[in-house]
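Morning, everyone. Please bring the structure up on your screens. I'll walk through how the pieces pack.

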Amino acid sequence: MRVVISKRIFFYVSVFLFFTATLNPLLAEESMLFGAKGGVPIMDPFTLTNDSAIANNYTFETKRFIGGPFFQLNLPLHIGFEAGALYRRLHYESNPFLFDTLHASTNANVWEFPLMVRRALPVPYLHPYGGIGVSFAHVSGKTDFSNAVLQSRDPVELAKTWNTGGLVAGGIDIRHGRFHYQPEIRYTRWATQTFVSGNGLFNSNLSSIDFLVGVAFGK
Amino acid sequence: MKFTTTPFQKWVALVVFIGLSIEAPLRLTSAQVNAADRVTRAIEGRSTSVLRGHLHPLATAAADQGRVGPGFHLDRITMMFKPTGAQQASLATFLDQLHNPSSPEYQHWLTPEQFADRFGMGRADMDKIVGWLRAQGFVIEEVAPSRLWITFAGNARQVESAFQTEIHQYVVNGTSHYANAIEPAVPDALADVVLGLQSLHNFRVKPRFHSRKAKFTSSITGNHFLVPDDLATIYDIKQAYSTGIDGTGGSLAVMGQTDILLSDIQTFRSLSGLPANDPSVILVPGSDDPGINNDDLTEADLDLEWAGAVAPGAQIIYVNSNNGVFDSLLYAIDQNLAPIISISYGDCESNFTSSDLNILRTVTQQANAQGITVVAPAGDAGAADCDGTIGRQIARLGPTVDVPASLPYVTGIGGSTLYDVGNYWSSTNNGKNGSAISYIPEVVWNDTLIFGETGLAAGGGGRSSVFPKPSWQVGRGVPQDNARDVPDVSLAASMHVGYLICSAGNCVNGFRASDDSLMVIGGTSVGAPVFAGIVALLNQQLNSAQGNVNPGLYVIASTVPGTFHDIVNGANWLPCQSGSPGCSFGVIGYTASRGYDLATGLGSVDVFKLLTAWPSLLSPR
């Protein structure tokens, strides 16, 4: 029997074997952390534009909590890889027709999935680090109306349910036994606005800055 | 080398020259006639072709009351002819050129007779068809100067015999109608030339207005209503008046299907501080006098009063027919009565037969070719136009748009609500009963959702399922849907700040009736005559007719956006039955947004800015 292996498969297998052989000694020194991060957003999730020609009919409040699990893979040379999930809740109110006879209240849920490569500096006790990566976000929500004629519905302002962004972060890693405490500032720049109002005055903020504290357990 | 000629040769040359001189023009005329000579066989009823698309959707078996008697009279039946393929292509090109400032044909409007020579039937063909109709016993009422149609009258027996159909009686929603029960047929010789037959039924289109007899006292409750002076303030018309632009020297025609009381119009103008200027009334020749129909009277009064309110100096022509408003429309176009036509009637696309739609397309093309601007309401039931027509309170029939507004050759007017929360009204009325101080921000007209009005009351809009997207309908927000989208523009239509009118003698104490009530009107029906009045100002400003103004409106919206008040808040959502077509989260409709949207089109108009912007952008270059 003759086995035919295509050139493409042969290439991929070769690459896989090369990196496995090269990285295997490094991975032997790996350590893993598991934990949770929580914190507060420093920037508002939405922006309101002033336009003298158009009455503003939106208000929002910034929910002061974000949080979720994460894990961190520490590699040699003070390099680490972090992945996690962050949940944040959004809320805004509007009078779609300006008149206060019809009021709309919207709650939305955002799950962000950041992936970050981090590099720690060899400073004792504080172990400062910086990181860079990408984040993916999924947004869902529901609008309730004061008028019973209108059913609850997907927010009309929700233009996209998925978003991607680039992130940078910086923080310190304070270790206490197997516990790690990691206060961090994280900036994410999103590619698109997930919320866009028809009147153009109310939009999701393309930038988000969050203060997070991670608590992790591991080697 | 020298040539010599004998006397005989000279005689031969002379005879040949004379012969050619006589024959050449004959040959030319013959060529023209032959080119249009499309009825090439004898018109005989032995072999016929069925004309599809003539069964009215409401003429159902369930509503059928049986055949009418043979003597039942049918008035003003219209046989419409279709241009040849070459004529249609030529007409489409010509219409583009007419509205393209770079074209040498720009605004070279045709007379109906010129239209006939380029796009109509040949004279010989018309003679043959007239002869055949007479032979069937019909009385010829009108042969259109455009040679696009012939109107005739006869009884049911003659109609049934000539067109191999049956005329039945129907009762729909308690109202009696007649209509053909089976598709009509024409002799084979006419199969390629007849576009359709109009008025084989008398299902009439509905006026697009909402009315209320307001009992409240405005000075106590703070309610506000619009009089002409208010509208002139809100839409920046007063600046035009101050430069002498008030429609003087121009004219516009209002389509109707009822008699009117001139005293209503006179009283309205007097109360509004407008100069006396009675409309001239034309009853379509051959039509019976329709008498007064109350719903139609309200529509006619508001059209005449508010068209004249915006263009107080223009001559207003009221065209009336017992055979429905589309009969008035055909007549007004073919007689070239005025450069602007306002028709505040309509129905959803699916309630028209394909024959009726073809006819309306052809005559509105003719109107544009003659320089006539046709303005119509986009409907009062949001995206659910068919449900609105039958008075449903919850939409079930899916998204549809209103005809004639959805015709690309017509400007469709949607609706807005004046958001007058703030300092927009003076505490006292001026000498013209006006109190508006400035422009008032607008949101989408939706009295159902904003004010809890029972029934479907929101600005019409959506995608045509019949007419493709015209080349000029482009710009920010215009959907890439390959469909003619409506509305084009919007104007105030809500009953929240409704329009005052005088009708059926109600204005006995100022605008008040004897019981102190006011007659307040809303709906896109008002926007149509108001916009027609605005076009009358434009015509005066430019000293010319404009034909289809839509190409210009979309250009100006892109290049001078301040000309329009972009309406960006609200939606024409209306409640719908779950699971019905287009129903999502319990509503059907579209939201407003920046730029064009299917709820309000390009927005409302700053009239003075429109008048200022138009000449610089669209004058021939």
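One definition before we start. When I say that two residues touch, I mean that their C-beta atoms, placed from the backbone, lie within 7 Å. And keep in mind that this is a predicted model.

With that in hand, take helix H5 of chain B, residues 156–163. Helix H5 of chain B lies across S3, S5 and S9 of chain B. Relative to S5(B), it runs at about 125 degrees.

Now the sheet under that helix. It is an open sheet of four strands in chain B, in the order S4-S5-S3-S9. The pairing is antiparallel. Which strands stand at the edges? S4 and S9 of chain B do. Each has a single partner strand, so one side of each is left without a neighbour in the sheet. From one strand to the next, the twist averages 25 degrees.

Look at one pair in that sheet. S3(B) and S9(B) are joined antiparallel, over four bridges. As a landmark, find B:Phe81, which stands opposite B:Val194 in S9(B).

The partner is helix H2 of chain B, residues 85–98, while H12 covers residues 354–369. Their angle is about 40 degrees, and their axes are 10 Å apart. That makes H2(B) oblique to H12(B). The crossing is left-handed. H2(B) brings B:Leu91, B:Phe94, B:Leu95 and B:Leu98 to the contact. H12(B) brings B:Gln365, B:Asn368 and B:Ala369. By class, that contact has five nonpolar residues, two polar and no charged.

Helix H9 of chain B, residues 262–271, packs on helix H10 of chain B, residues 294–310. Here the angle is about 35 degrees, with the axes 10 Å apart. What is the handedness of the crossing of H9(B) and H10(B)? It is right-handed. From H9(B) come B:Asp264, B:Ile265, B:Phe268 and B:Arg269. They meet B:Asp301, B:Leu304, B:Glu305 and B:Gly308 in H10(B). The classes in this contact are three nonpolar, one polar and four charged.

Next, the domains of chain B. The domain assignment gives domain 1 as 48–83 plus 120–198, and domain 2 as 206–616. Taken over C-alpha atoms, their centres are separated by 32 Å. How many residues does each domain put into the contact? Domain 1 of chain B gives 25 residues, and domain 2 of chain B gives 20 residues. On the domain 1 side, strands S3, S4, S5 and S9 of chain B each supply at least two residues. Those are the strands of the four-stranded sheet we began with. The domain 1 side has twelve nonpolar, nine polar and four charged residues.

Chain B has an open sheet of three strands as well, ordered S10-S16-S18 and paired antiparallel. Its edge strands are S10, 206–207, and S18, 402–403, and each pairs on one side only. S10(B) and S16(B) share two bridges. The landmark here is B:Lys206, opposite B:Gly346 in S16(B).

Over to chain A. Follow strand S7(A), residues 104–120. Five bridges join it to S5(A), residues 79–84, running antiparallel. A:Ala83 has A:Leu115 as its bridge partner in S7(A). S6(A), residues 86–94, pairs with S7(A) over nine bridges, again in the antiparallel sense. There, A:Tyr92 has A:Thr106 as its partner. Then S8(A), residues 129–145, is joined to S7(A) by 17 bridges, also antiparallel. A:Thr106 turns up here too, opposite A:Thr143 in S8(A).

Last, the contact between the chains. Chain A puts in 18 residues and chain B 19 residues. On the chain A side, ten are nonpolar, seven polar and one charged.

That's my tour. Over to you.

How values were computed
Residues numbered from 1 in each chain as written. Chains lettered and ligands numbered in written order. Predicted model: local features only at pLDDT ≥ 70, side-chain atom pairs only at ≥ 80, totals over all residues. Axes fitted to C-alpha atoms, helices over the stretch in contact; angles between N-to-C directions. Parallel < 35°, antiparallel > 145°, perpendicular 65-115°, else oblique. Left-handed = near helix turned anticlockwise from the far one by under 90°. Nonpolar A, V, L, I, M, F, W, Y, C, P; charged D, E, K, R; others polar. Domains from an automatic or database assignment. Pairing = 2+ DSSP bridges.
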